[in-house]
Amino acid sequence: MKFSTQIKIQRKKLGLTQSVVAKKLYVTRQTISNWEQGKSYPDLNTLVKISDFYQISIDSLLREDQDLQEFLEQGKAYNAFSIFRGLFFIMYGIFFLMFDYISDSSSIIDVCGILFAIVFGVAILYGEHVKPFFLGISKERYHREKIIQCYRKSSFIGKALLFLAIIIMIGMMISNHTDTATYLETALLVLIGIMNIFHRYMWKPNADADE
């Protein structure tokens with residue numbers, strides 16, 4: 001039995017409305033509706049709450065719903081991809097800071113710097129084309145989910161980090177000191193890396209727009 005069918009049947013057996021379940025699980029009624037219609041799925045943490053609330057084992061929820069299993073696997077893949085990309089930004093930021101101090105010491109360092117910059121540029125420009133492969137989903141579905149993501153609401157942490165990034169960028173534009181600008185650029189790259197690594201905390205969970 002599909003996940004959507006199980007939770008709908010169990011809710012009705014308990015005589016609960018979608019609104020009541022939504023309050024118990026700290027999500028919106030629309031989220032519950034979308035789950036029951038098979039339009040979307042909960043993340044793993046929410047799935048555990050659903051299992052406890054409805055007294056249905058996680059194994060039972062997962063066993064007969066291949067789509068739910070794939071959704072959770074894609075979540076793991078996306079987390080791994082985001083961490084990799086975040087570390088790449090941080091590494092590039094640190095390299096960018098060190099480059100000014102070591103670039104005059106050897107022509108080999110200059111070549112490595114140029115190659116590193118090319119790789120970074122390709123990774124940024126081509127990353128969105130490669131990501132669907134890592135997530136194991138079609139490009140059409142990936143781009144559709146990207147559009148949905150544009151309507152997601154930022155969490156407090158997301159807003160704070162975005163505000164900090166804007167402040168750093170303003171500092172870079174008004175700074176007249178080369179060293180200061182370099183430090184700010186490094187700080188921005190490291191901050192972007194951190195935002196990628198902790199992407200799950202950048203958005204409010206279970207918002208209607210996520211579904």
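Read along the sequence, the protein chain follows the pattern α-α-α-α-α-α-α-α-α-α, with 10 helices and zero strands, where helices (H or I, at least four residues) and strands (E, at least two) are DSSP runs numbered from the N terminus. This is a predicted model, in which local features need pLDDT of at least 70 and side-chain atom pairs count only at pLDDT 80 or more, while totals for chains, interfaces and linings use all residues. Residues are numbered from 1 along each chain as its sequence is written, and side-chain values use heavy atoms, with hydrogens and water left out.

**Chain as a whole**

- Of the 211 residues in the protein chain, 34% are buried, where buried means under 20% relative accessible area, exposed means over 50%, and partly exposed lies in between (1.4 Å probe, protein chains only).
- The protein chain exposes about 13100 Å², of which carbon and sulfur atoms supply 65%; accessible areas come from the Shrake-Rupley method with a 1.4 Å probe, and for residues only the protein chains shown count as cover.
- Among contacts (heavy atoms within 4.5 Å) with a separation of 6 or more in the protein chain, 68% are between residues 24 or more positions apart.

**Helices α9 and α10**

- Helix α9 (residues 156-174) packs against helix α10 (residues 178-197) at an angle of about 160 degrees, with the two axes 9 Å apart; axes are lines fitted to C-alpha atoms, for helices over the stretch in contact, and angles run from 0 to 180 degrees between N-to-C directions.
- That angle makes α9 roughly antiparallel to α10, on a scale where angles under 35 degrees count as roughly parallel, over 145 as roughly antiparallel, 65 to 115 as roughly perpendicular and the rest as oblique.
- The crossing of α9 and α10 is left-handed, a term used if the near helix is turned anticlockwise from the far one by less than a right angle, whereas clockwise gives right-handed.
- On the α9 side, the residues that meet α10 are Leu161, Leu162, Leu164, Ala165, Ile168, Met169, Gly171 and Met172, and their counterparts in α10 are Ala181, Leu184, Glu185, Ala187, Leu188, Leu191 and Met195.
- The residues of this contact of α9 with α10 divide into 13 nonpolar, one polar and one charged, with Ala, Val, Leu, Ile, Met, Phe, Trp, Tyr, Cys and Pro counted as nonpolar, Asp, Glu, Lys and Arg as charged, and the others, Gly among them, as polar.

**Helices α2 and α4**

- The axes of α2 and α4 come within 11 Å and cross at roughly 120 degrees, and the two helices are therefore oblique to each other.
- α2 passes α4 in a right-handed crossing, and the contact is made by Val21, Lys24 and Leu25 of α2 together with Lys49, Ile50, Phe53 and Tyr54 of α4.
- The residues of the contact of α2 with α4 divide into five nonpolar, no polar and two charged.

**Positive phi in loops**

- Tyr26, in the loop between α2 (18-25) and α3 (29-36), has a positive phi of about 60 degrees although it is not a glycine, and Tyr26 is exposed, with a relative accessible area of 71%.
- Gln55, found in the loop between α4 (44-54) and α5 (58-63), has a positive phi of about 60 degrees although it is not a glycine, and at 68% relative accessibility Gln55 counts as exposed.

**Lys76 in helix α6**

- Lys76 lies in helix α6 (residues 66-102) and counts as exposed at 52% relative accessibility.
- The C-alpha atoms of Lys76 and Leu44 are separated by 9.8 Å, with the two residues 32 residues apart along the chain.
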